[in-house]
Amino acid sequence: MENGIDKLISQKIEAMKNGTNVYQTGHVIAVRDYIVEISGMEQVSYFERVVIGSDSEGYVDAIGRTSVMVALTKKGSKIHIGDEAVAMGEEFQLTFSEESIGHVVDIFGEDKLMGQRFADSIQLPIETPAIPIMVRSSVVRPLLTGISGIDMLYPIGRGQRQLIIGDKKTGKSQIALDAIANQKDQNMLCIYVAVGKTKKEVKDVYNQLLKQGAMGYTIIFAAFNDECAPVLEKTPYAAMTVAEHYMRQGRDVLVVIDDLKRHADVHREISLLSGKVPGRDAYPPDIFYAHARLLEKGCQHMDGGSISILPICETKGGDITDYISTNIISITDGQIVLSARSFEQGQKPAINYGLSVSRLGGAVQTPEMKKRGSVVRRDLLSYLEQKEIFELANMDEMSQDLRDHMLRGAKILENLKQYKFALRTPEEMLRSFEGMY
Amino acid sequence: MRIGKVVSVSGLKIEILLENEAAGIRDTVYVDTETTHYRFEIEEIRGQVAYAIAFDMANGLRRGLDVYLEEGGLQIEYSDAILGKVFHSYGEPIDGSKVENPRTRGIYERNLSMSEIEIDGDILWTGVKVLDFFAPMRKGFKMGLLGGAGVGKTVLIKELIHNVYANLQSNSVFVGVGERSREGRDLYDEMLEAGLLDKIAMAFGQMGDNAMARSRAVHSGLTLAEYLRDERRQDVLLFIDNIYRMVQANSEIATELERMPIDNGYSTALLTEISEVEERINSTDGGSITSFQAIFIPADDMTDAAVHAILQHLDGQVVLDRKVAEKGLYPAIDVFSTTSRLIDPEIVGQRHFDLVEKALWFLSRYRDLEQIVAVLGIDELSQDDQNVFYRSRKLRNYFSQPMFVAEQFTGIPGAFVKIEEVLDDVEGILTGRFDNVDESRLTYIGSASTLLKG
């Protein structure tokens, strides 16, 4: 603890000696929600941290010819025209403590449950440059979720980005929580990013993970619904910086982002408030890039570490072909689609096996899982397709081939049912299909 | 040379107050701070003010910084040594290699005149049944691969690289635009493993890179292909995955420049920007460029303005359909909207032409029957319709194919099927020679002739 403060003091003394402790100031000339216009601050840099009044804070979002736009990340007491704004001479950064594991934290380095800051923390950039193609390597190591329908049929590898998509109340977050719970003793660091969730929801996630004994290797990054929109927008990037920080130390990291539809809406809100041109569905044209650069942080690094990402996206009316969903699907390495109909029929997890995809497939499975998984998937898909056609046909009049096929299909579907936190090992999964083939 | 000072910064755009007239549109300029070297391209000049777009992140830029002109603009270095190398959008190798004794070429320079362009070429078989049957192509052809998210565009592109390129023995250029970096890396590794790397040059501006990088990757890659065509006089294969991302990046840039958008936020200059690139992709009497261009369909909306603008330039299109993919049949091709200029009795021959017509008739009848069956059951159909129903299902299954590059998903080794066999098989299925074969045995096979023997 002294360490951190000592460092801070010596930095300040150094700054005084070099004469760099002179701050630029300006005055508020306009306020629009959390976007504040400031005149003055001639030499301010893009994305520099700015303090307004005594307790509001933000970063430079645009430098105009005569004024500067600041997006607020903390809104203290009321901001008045003429209030003083001070440019802090440093980039707006994320405050992070290595002690965050096991806690609910935000990008300011605060423990949200205890309501206090961590004693020892480091500053990291909110966003880092893209991870180049040539330092990546192939995704081949499995990341097991403990769910048969995923590990056998649509497997996930370390370094993969697998979208979980579906309507409200179809069990999207539950799949992610199952996956986190299944990482126990797998030498995996998990980061759960809550974007625009309620405090109640985040507390529930925390309690569930605690009960499963998963908080010992998990950090929850939370940007609550009622925080300034720029915080909600930046939190996923900041969480990814933390993931990269650990990946570069050779760690495997799993990041869950809950959820990207809300993130897209926040991005739209800020863009439109800042006067940018709207595009399809009023989202700004850079919405694809906003998600692409975030999810492209997922990779298997050639030095050994990896970042796997399970982004979550909420749909309406089961439509996965809307703008934001198709954008994200075109970024991720596959998707687990959940359907309300399966959920109501008691098929849990409510995976739509026809629409789900893993672009890496067998490359991330063990030979046994790959062999059995590909056969089961083919049988299941052809069963689901034929079921619709032959629903009205009389079973007794079917050819033996077809009847066997139909019976086996129904049995596979039954076998894939699994309730929450009822995690299975690969051996258990394989055993459940023994005798069927 | 110094040209002026930064007067404003927002996102990707800076405004430069010019002090002389040295800089022009598309010139590259740069700014240095204590820690970072920033590069920009000038997009617009209004009197004393120039608007430029950043090549990378703008964090740390401020007013008053001096702006300098980079001599020569965006260039790519080339020589015979480009093969086997990986470049980024701004023309530099990113695999740690160097181009020895290079000459340089501006990435915007080349333009073809009408007299230079050559339009006839030999038919090029891809070994993918459904493509060769419904949408054959030839040297110098431009083929679009359209599909929404996650229906298998990239797998198909990779299969084509595998099949066409391994058989044609010509050099090729792969341009990755706004796609996954992981796939770029995998492609590189696969080429290396297959011993094909010395025949391919790659340029990447992937989805994690900013709009400028994604917009200019095509220009850089194209310049490499033009070098092989013009100076080496070769037949070049050009793969662009995915051309839509260039349009998307351009609309991001247009937004930064505060230009008026057209529908769905696309850049006002949408048509101009696509034409500029597409008109460069052509064959001359010295060499040809045959291109496969993947096209993303945003929100599964086939009427999208950008998709249409790109399609105008293509000779053929292959459309991938989510409904087919849902049934687990890959390549998930919608045969009704998959077309090629070559489906003409004079080019592919009368038999092939007639079979395509007949197959389409069967499949379209099947589409109608499917709805009747869903309500009434199969037994209510007449014998003729039952034949159409069952044979169409077999035909549909037959057009699925194990692909070489998808072996890890399917566990089945890939198959290259000759067009003569495809024609025989299709004819056989439609005329009932396979009536006694169970439909599931026709999925994921190469030629069907072996099924008849047993």
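Of the 454 residues of chain B, 52% count as buried, a residue being buried if 20 or more other C-beta atoms lie within 10 Å of its own, exposed if 12 or fewer, and partly exposed in between, with C-beta atoms placed from the backbone. The model is predicted, and local features need pLDDT of at least 70 while side-chain atom pairs count only at pLDDT 80 or more; totals for chains, interfaces and linings use all residues. Residues are numbered from 1 along each chain as its sequence is written, and chains are lettered from A and ligands numbered from 1 in the order in which they are written.

Chain B contains 14 helices and 18 strands; helices (H or I, at least four residues) and strands (E, at least two) are DSSP runs, numbered from the N terminus. The radius of gyration of chain B is 25 Å, close to the 22 Å that the globule rule gives for 454 residues, so chain B is as compact as a globular protein of that length. This radius is taken over C-alpha atoms, and the globule rule is 2.2 Å times the number of residues to the power 0.38. Along the principal axes, the C-alpha atoms of chain B fill a box of roughly 85 × 50 × 45 Å. Among contacts in chain B between residues at least 6 apart in sequence, 70% join residues at least 24 apart; two residues are in contact if their C-beta atoms, placed from the backbone, lie within 7 Å.

Chain B is divided into domain 1 (2-69), domain 2 (75-342) and domain 3 (348-453), with bounds that come from an automatic or database domain assignment. The C-alpha centres of domain 1 of chain B and domain 3 of chain B lie 60 Å apart.

Two helices of chain B were examined individually. Of the 20 residues of α4(B), 19 are buried, leaving the helix mostly covered.

In helix α6 (residues 270-278) of chain B, the buried residues are B:Leu270, B:Glu273, B:Ile274 and B:Glu278. Seen down the axis of α6(B), these residues fall within an arc of 125°, so they line one face of the helix; the arc is that of the directions from the helix axis to the C-beta atoms. The buried residues of α6(B) pack against α5 (244-256) and α7 (305-311) of chain B.

Chain A has 12 helices and 22 strands. Buried residues make up 48% of its 437 residues. The domain assignment of chain A gives domain 1 (2-91), domain 2 (127-366) and domain 3 (369-432). The C-alpha centres of domain 1 of chain A and domain 2 of chain A are separated by 33 Å, and 12 residues of domain 1 of chain A are in contact with seven residues of domain 2 of chain A. On the side of domain 1 of chain A that touches domain 2 of chain A, the largest share, five residues, comes from β5(A).

Residue A:Arg377 lies in helix α10 (residues 367-390) of chain A and counts as buried, with 23 C-beta neighbours inside 10 Å.
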